[in-house]
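Welcome! Take a look at the sequence and the 3D view below, and keep them open as you read.

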Amino acid sequence: MPVECRIHRSLELPGHETLARLSALATSLVSDVFGRWAGAPGILPIAGLAAGTTMVGPALTVHTRPGDNLVVHKALDIARPGEILVVAAGGATDRAILGGLMGRYAAARGVAGIVVDGAVRDRSELAMAAPPVFARGLSHLGPYKDGPGEIRGSVSVGGLVISDGDLIIGDEDGIAVIPRHRSEEILAAAERKRAAETAEHDAIASGTWDRRWIDQALTLIEANPGR
């Protein structure tokens, strides 16, 4: 008997310039300028991410029950090139939500990346044939295909609320999320912080990095005085 899958209307994809700006940043920069809570703890790169590169794109959100991938299959069928599949699967790691075959299909559909709050499998095949994959863990145990689920709604991944169309950036440190309606504000702030950190790199190299703020923030108390 068919089960329910609620599908919300898709949003317009972000422009190339926005994605290019995001790809030049890092998750740490986005996190630092956005309250240091824009990440999903425990969601880490599993396969397909080359050192020093980033994964960027708008979220295609999926909510499924732990260990079940029926609606994930449907989401891949309607995915648009450049979207990042974001699967909220309850954080369970005892059963893989997807593996090599679905990774290959995601690549064929032009999906820019995959984020799973749960487990995946077939790590070597994902590395060879899938877009970058971020997940909570690995499990060789396969998924159920019973449903139900929801596509393009708001989801929770690692405790972080992600709405369909939000901008995702992933790198070696994990993922960070920029709400779609605040993208320009947060991108600009992250770019300013990147410029400031570049200046600090130069100061370290020249031996002029100002460290006075540390002593200004501390009251130093001598331990064991008189000994």
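This is a predicted model: local features need pLDDT of at least 70, side-chain atom pairs count only at pLDDT 80 or more; totals for chains, interfaces and linings use all residues.

The points below go from charged pairs to rings and then to a proline in a loop.

- The structure holds 14 salt bridges, and a few of them are described here.
- Glu 191 pairs with Arg 21 in one of these salt bridges, and their closest N and O atoms are 2.8 Å apart.
- This pair links distant parts of the chain, since Glu 191 belongs to helix α6 (residues 183–206) and Arg 21 to helix α1 (residues 16–23), 170 residues apart.
- Glu 125 makes a salt bridge with Arg 104, with 2.6 Å between the closest N and O atoms.
- Here too the pair links distant parts of the chain: Glu 125 is in helix α5 and Arg 104 in helix α4 (residues 100–108), 21 residues apart.
- Glu 125 is partly exposed at 24% relative accessibility, and Arg 104 is partly exposed as well, at 37%.

- Glu 197 and Lys 193 form a salt bridge whose closest N and O atoms are 3.5 Å apart.
- Both residues lie in helix α6, four residues apart, which is about one turn of the helix.
- Glu 197 has a relative accessible area of 25% and is partly exposed; Lys 193, at 25% relative accessibility, also counts as partly exposed.
- These two residues join Asp 32 and Arg 36 in a network of salt bridges.

**Aromatic rings**
- The count comes to one aromatic pair.
- In that pair, the ring centres of Phe 34 and Trp 37 are 5.0 Å apart and the planes meet at 40°, so the pair is tilted.
- Phe 34 counts as buried, with 6% relative accessibility.
- Elsewhere, the charged end of Arg 211 sits over the ring of Trp 209, 4.3 Å from the ring's centre.

**A proline in a loop**
- Where is Pro 132? You can find Pro 132 in the loop between α5 (123–129) and β7 (133–138).
- Pro 132 has a relative accessible area of 15%, so it is buried.
- Beyond its neighbours within four places in sequence, Pro 132 is in contact with several residues, including Ala 47, Leu 49, Met 55 and Ile 114.
- Pro 132 and Ala 107 are 25 residues apart along the chain, and their C-alpha atoms are separated by 9.5 Å.

Note on methods: Residues are numbered from 1 along each chain as its sequence is written. Side-chain values use heavy atoms; hydrogens and water are left out. Rings of Phe, Tyr and Trp (its six-membered ring) pair if their centres lie within 6.5 Å; planes under 30 degrees apart count as stacked, over 60 as edge-to-face and the rest as tilted. Buried means under 20% relative accessible area, exposed over 50%, partly exposed in between (1.4 Å probe, protein chains only). A charge sits over a ring if NZ of Lys or CZ of Arg is within 6 Å of the ring centre and within 35 degrees of the ring normal. Helices (H or I, at least four residues) and strands (E, at least two) are DSSP runs, numbered from the N terminus. Contact means heavy atoms within 4.5 Å. A salt bridge is a side-chain nitrogen of Lys or Arg within 4 Å of a carboxyl oxygen of Asp or Glu.
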